[in-house]
Amino acid sequence: MSTIPATTSGSSRPQAPEKAWWKEASVYQIYPASFNDSDGDGLGDIPGIIQKVDYLGALGVDVVWLCPVYESPQIDMGYDVSDYRSIHAPYGTVEDVDRLIAALHERRMRLVMDLVVNHTSDQHVWFRESRSSLSNPKRDWYIWKKPRWDAAGNRLPPNNWASVFGGSAWSWDETTGEYYLHLFCKEQPDLNWENPDVVQAVHDIMTFWLDKGVDGFRMDVINFISKSPGLPDAPLKLPGQEFQPGDLHYANGPRLHEFLRGLREVLDRYDAFAIGEMPCVKEEQDVLMAVAADRKELNMIFQFDIVSIDIGSGGKFTSKTWSLAKMKAIVNKWQTCMYDNNGWNALFLENHDQSRSVSRFTPHRPENRTAAAKMLATFLALQSGTVFVYQGQELGMANLPREWPIDEYKDVETLNLYRLAMQQHRGDSEAVEQLMDQVRLKARDHSRSPMQWNAQQHGGFTTGTPWVRANDADYMHCNAEQQLRDPTSVLAYWRQLLRLRKQNVDVFVYGRFELLAAADPSLFCYRRIDPSGYGVATLVLNFTDCEYEWQVPPAEVVEALTAARCVLGNYEPPAELNGDGSMRLKPFEALVILELEDLYEGA
Ligand code: NOJ
């Protein structure tokens with residue numbers, strides 16, 4: 001094989017990314033309530049996670065991101081923290097976290113905790129004090145405002161912002177006669193970051209956990225912490241609705257970067273890592289401002305273009321048809337932009353707020369679900385960026401059965417948005433059915449269903465009664481125990497994929513991305529090219545559930561298949577070039593062709 005030029009244009013070659021452990025890492029996200037219950041109370045717990053650290057080590061991940069385990073009334077499953085320094089009792093204790101850190105570190109894995117500091121629980125002592133009187137020293141720790149009044153003398157919230165979970169973002173407090181802001185549930189009041197004491201308190205919480213050995217944080221809605229001065233009304237986006245999305249005034253506000261640099265100073269004392277969750281950010285410049293290496297803010301962010309691809313303008317449970325062309329445009333944009341500007345991507349298709357990717361992004365039938373799950377895994381894990389695997393994704397876990405009624409859905413977002421939509425659609429059965437279809441496709445409940453460990457009752461997640469129903473139509477066929485025995489399973493494939501990535505970091509981690517066959521409506525095809533020119537990987541992914549006759553594959557694919565072999569694929573034998581240069585790909589077929597220059601050739 002000949003040495004591959006690092007860029008097609010030659011002179012404008014961007015510098016190869018600087019090496020860093022967190023770029024080479026893959027991260028496994030644990031949703032503690034649904035991962036593994038060690039004591040039979042129906043809720044997962046930290047000792048249950050410790051029982052599974054060897055499973056994680058064998059999967060080949062390097063970091064565990066643990067969703068919130070702090071003391072909380074659990075209105076939003078722990079994203080409403082009432083004490084940042086203690087643990088929700090059913091999950092365990094602070095000492096259990098110490099043990100988890102030790103168990104992971106012993107196996108050369110790291111722990112990232114969730115840092116939820118845009119808001120607290122309304123049960124946090126800070127808020128209880130804040131709401132107790134206008135003169136309480138903690139009053140200014142939250143965002144309080146006087147009401148507005150309409151011409152008829154009705155009291156109105158201070159502005160028209162909608163809560164992300166529906167309704168107004170403001171709640172009235174009778175005791176002190178003011179409204180407080182909550183971008184999420186009314187039980188999640190927003191902290192006032194304009195107050196330096198709040199900023200200091202957040203730094204102290206981080207220090208507390210970093211001193212314990214935690215290796216970094218995933219920062220919840222971190223780009224919401226700085227709001228536009230005066231909290232002006234949001235522009236009208238949803239005609240006919242009383243409350244409007246206010247992200248223009250609370251996402252990426254004027255002091256965001258100052259606050260992020262403050263967080264980075266704390267992290268740097270420990271060489272710790274930070275990934276920010278940043279919804280509502282679309283522009284490259286806005287993302288780069290937070291993640292470009294010289295900015296000294298975050299290592300990377302979760303950007304939401306892919307997981308918003310099927311969301312209509314009316315909100316999460318409205319539909320939008322998406323095309324592979326759109327998906328390619330999104331991937332190409334972020335892959336090239338981060339590479340060329342010294343930023344870094346976080347690669348994800350699933351998390352606790354998204355449904356299962358195999359149900360959402362592939363029109364699979366039961367017989368090709370395994371192929372579809374492997375294809376999506378390949379698509380994701382070999383792009384440029386740090387890979388995030390959400391619990392159960394490594395098994396190809398799917399959404400809840402279609403037949404399950406709304407009563408099986410427990411998430412506060414699902415139920416709030418469902419209730420509001422039902423009021424709106426009263427009596428319109430077709431609209432209600434369309435809504436349910438969207439719930440079946442995108443509700444957060446799908447990913448929160450118990451982890452499927454084996455074929456026993458409740459999928460082996462608990463010996464008690466699970467806090468939410470396990471997917472009993474599925475765990476018999478899709479579970480970790482069975483997949484650990486099966487070398488052709490989705491789990492075995494993920495292990496190979498993560499190993500392949502790790503063994504070839506110059507290509508898969510530090511290589512640049514190049515989209516191929518951009519106009520093809522069925523195939524996603526890309527290359528990863530080692531910046532020093534010694535390796536290139538070519539990926540071919542059939543995103544459809546049909547066989548696909550590829551009459552004229554691009555020259556790069558033909559060349560790759562002629563010069564090198566397929567190192568990973570989801571069919572045996574993998575598709576090959578026909579004599580006439582065409583190829584026939586099976587439903588959801590994925591191929592990874594790796595060409596490596598023999599560095600010692602001729603030495
Ligand atoms: C984002 C979290 O991922 C989600 O689960 C939560 O409901 C909101 N932030 C509010 O904290």
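Author: A strand here is a DSSP run of E with at least two residues, a helix is a run of H or I with at least four, and both are numbered from the N terminus. The model is a predicted one.

Reader: Fine. Where is Pro573 found, then?

Author: Pro573 sits in the loop that runs between strand 20 (565-569) and strand 21 (583-585).

Reader: And what kind of peptide bond joins Glu572 and Pro573?

Author: The bond between Glu572 and Pro573 is cis, with omega at about -5°.

Reader: Which residues is Pro363 in contact with, neighbours within four places left aside?

Author: With those neighbours left aside, Pro363 is in contact with Phe543, Asp545 and Phe588.

Reader: How many Å apart are Pro363 and Ala20 in space?

Author: The C-alpha atoms of Pro363 and Ala20 are 37 Å apart, and in sequence the two residues are 343 residues apart.

Reader: Staying with helix 10: at what angle does helix 9 pack on helix 10?

Author: Helix 9 (residues 284-291) packs on helix 10 at about 45°, and the two axes are 11 Å apart. That angle makes helix 9 oblique to helix 10. Their crossing is right-handed.

Reader: Which residues make the contact of helix 9 and helix 10?

Author: Helix 9 brings Glu284, Val287, Leu288 and Val291, and helix 10 brings Lys333, Trp334, Cys337 and Met338. By class, that contact of helix 9 with helix 10 has six nonpolar residues, two charged and no polar.

Reader: Now helix 6 and helix 8. Are they roughly parallel or roughly antiparallel, and why?

Author: Helix 6 (residues 196-211) and helix 8 (residues 256-268) pack at about 30°, with axes 10 Å apart. Angles under 35 degrees count as roughly parallel, and helix 6 and helix 8 are therefore roughly parallel to each other. The crossing of helix 6 and helix 8 is right-handed.

Reader: Which residues in helix 6 and helix 8 meet?

Author: From helix 6 there are Val199, Val202, His203, Met206, Thr207 and Leu210, which meet Phe259, Gly262, Leu263, Val266 and Leu267 in helix 8. The contact of helix 6 with helix 8 has eight nonpolar and three polar residues, and no charged ones.

Reader: One more pair. How many Å apart are the axes of helix 13 and helix 14?

Author: The axes of helix 13 (residues 412-424) and helix 14 (residues 429-442) are 11 Å apart, and the packing angle is about 165°. Helix 13 and helix 14 are therefore roughly antiparallel to each other. The crossing of helix 13 and helix 14 is right-handed.

Reader: What meets what between helix 13 and helix 14?

Author: Thr414, Tyr418, Ala421 and Met422 in helix 13 meet a set from helix 14 made up of Val432, Leu435, Met436 and Val439. In the contact of helix 13 with helix 14, seven residues are nonpolar, one is polar and no residue is charged.

Reader: Switching to the ligand. Which of the 13 residues around the ligand come nearest?

Author: Of those 13 residues, the nearest are Asp76, His119, Asp220, His352 and Asp353.

Reader: How many Å from an oxygen atom of the ligand is the polar side-chain atom of Asp76?

Author: For Asp76, a polar side-chain atom lies 2.5 Å from a ligand oxygen atom. His119 has a polar side-chain atom 2.9 Å from an oxygen atom of the ligand, and for Arg218 the distance to a ligand oxygen atom is 3.0 Å, again from a polar side-chain atom.

Definitions and conventions. Residues numbered from 1 in each chain as written. Predicted model: local features only at pLDDT ≥ 70, side-chain atom pairs only at ≥ 80, totals over all residues. Heavy atoms only, no water. Axes fitted to C-alpha atoms, helices over the stretch in contact; angles between N-to-C directions. Parallel < 35°, antiparallel > 145°, perpendicular 65-115°, else oblique. Left-handed = near helix turned anticlockwise from the far one by under 90°. Contact = heavy atoms within 4.5 Å. Nonpolar A, V, L, I, M, F, W, Y, C, P; charged D, E, K, R; others polar. Near = heavy atom within 4 Å. Polar contact = N/O pair within 3.5 Å; in protein donor to acceptor, adjacent residues only side chain to side chain.
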